Amino acid sequence: MLNVYDGGVYLAADPLLGQNGITGNWLTRTADKLITAGKYQRIIAASVSMGGSAAATWQQGAALYPRALAVAKRCAAVGLPVTGFIWHQGESDNTFGTTSAAYQASVNSLIAGLRAAGFTSPWLICKASYISGAVSATIQGAQDALVNIGQQIYAGPNTDTLTGTSVNRQADNTHFKAAGADAAAALLSTAIQAAL
């Protein structure tokens with residue numbers, strides 16, 4: 001695990017370094033599944049996720065854009081090429097009522113900024129809008145519209161399909177339980193193997 005704050009590489013364990021959320025993590029599970037499948041021999045993940053953030057806060061010039069740029073630069077500084085970026089965000093935009101056009105503009109700005117800085121790796125755009133048991137067709141549509149294979153922007157899995165508190169979600173009907181995180185990791189592993 002690469003820590004965005006100091007550039008150090010550490011053994012990954014929950015809660016992950018570099019993000020503010022401590023529940024529902026699928027990243028380490030995804031890495032384990034990719035190694036088990038033989039896709040990679042080792043994975044050094046880097047997370048900068050911020051729970052409750054809207055897509056607009058990640059666009060160039062916004063509050064969280066420097067985090068995304070910093071993690072890519074930290075990877076480069078220690079000689080770790082970025083194999084790909086995973087965009088799994090949209091739950092807060094569901095709550096905020098973000099329009100499809102605004103969502104797409106924000107994410108496209110983020111991607112363009114990182115690419116202009118020299119980080120041209122592929123992107124995987126997940127369908128992720130599930131919050132308090134509700135999904136947003138608007139956000140899902142925006143996520144679909146971002147996919148552009150010619151630009152190496154690929155469709156990720158639809159983790160909105162992992163519903164309900166009986167198996168997949170915690171009592172808040174938003175964050176993943178262990179079973180939900182494992183299911184999300186399986187979907188992500190499959191998508192990564194197909195795209196990257």
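**Entry 1: the whole chain**

I started with burial: 46% of the chain's 196 residues count as buried. For my notes, buried is under 20% relative accessible area, exposed is over 50%, and partly exposed is in between, with a 1.4 Å probe and protein chains only. I am working on a predicted model, where local features need pLDDT of at least 70, side-chain atom pairs count only at pLDDT 80 or more, and totals for chains, interfaces and linings use all residues. Residues are numbered from 1 along each chain as its sequence is written, and side-chain values use heavy atoms, with hydrogens and water left out.

Next I looked up the elements and found seven helices and three strands. Helices (H or I, at least four residues) and strands (E, at least two) are DSSP runs, numbered from the N terminus. Read from the N terminus, their order is α-α-β-α-α-β-α-β-α-α.

I then checked the overall dimensions. The radius of gyration is 16 Å, which agrees with the value near 16 Å for a compact globule of 196 residues. That radius is taken over C-alpha atoms, and the globule rule is 2.2 Å times the number of residues to the power 0.38. Along the principal axes, the C-alpha atoms fill a box of roughly 40 × 35 × 30 Å.

I also looked at contacts, meaning heavy atoms within 4.5 Å. Of the contacts in the chain with a separation of 6 or more, 66% are between residues 24 or more positions apart.

**Entry 2: aromatic pairs**

How many aromatic pairs does the structure hold? I found two. Rings of Phe, Tyr and Trp (its six-membered ring) pair if their centres lie within 6.5 Å; planes under 30 degrees apart count as stacked, over 60 as edge-to-face and the rest as tilted.

Tryptophan 58 and tryptophan 87 make an edge-to-face pair, with 6.3 Å from centre to centre and 90° between the planes. Tryptophan 58 sits in the loop between α1 (27-36) and α2 (65-77) and tryptophan 87 in strand β1 (residues 85-87), so this pair ties together parts that are 29 residues apart in sequence. Both tryptophan 58 and tryptophan 87 are buried.

Phenylalanine 85 and tryptophan 123 are stacked, because their ring centres are 4.6 Å apart and their planes are at 20°. This pair links strand β1, which holds phenylalanine 85, with strand β2, which holds tryptophan 123, 38 residues apart. I noted phenylalanine 85 and tryptophan 123 as buried too.

I went to the loop between α4 (100-116) and β2 (123-127), where serine 121 is found. Is serine 121 buried or exposed? Its relative accessible area is 11%, so serine 121 is buried. A polar atom of its side chain lies 2.4 Å from the backbone oxygen of valine 82. Neighbours within four places in sequence aside, serine 121 is in contact with Val82, Thr83, Gly84, Phe85 and Arg115.

Threonine 120 is in the loop between α4 and β2 as well. With neighbours within four places left aside, threonine 120 is in contact with Arg115 and Gln152.

**Entry 3: the buried side of α5**

In helix α5 (residues 137-146), I listed Ile139, Gln140, Ala142, Gln143 and Leu146 as buried. They span an arc of only 160° around the axis, which puts them on the same side of α5; the arc is that of the directions from the helix axis to the C-beta atoms. Their cover includes α3 (91-96), α4, β2 and β3 (153-158).

**Entry 4: threonine 174 and serine 132**

Threonine 174 is in the loop between α6 (164-168) and α7 (178-195), and at 14% relative accessibility it counts as buried. A polar atom of its side chain lies 2.7 Å from the backbone nitrogen of serine 132. Not counting residues up to four places away in sequence, threonine 174 touches Tyr130, Ile131, Ser132 and Arg169.

Serine 132 lies in the loop between β2 and α5 and, at 55% relative accessibility, counts as exposed. Its phi is near 50°, a positive value in a residue other than glycine.

Glutamine 152, in the loop between α5 and β3, has a phi near 60°, which is a positive value in a residue other than glycine. I have glutamine 152 down as partly exposed, at 34% relative accessibility.

Last, I noted the cis peptide bond that joins aspartate 14 and proline 15, with omega about -5°. Proline 15 belongs to the segment before α1.

Methods: Polar contact = N/O pair within 3.5 Å; in protein donor to acceptor, adjacent residues only side chain to side chain.
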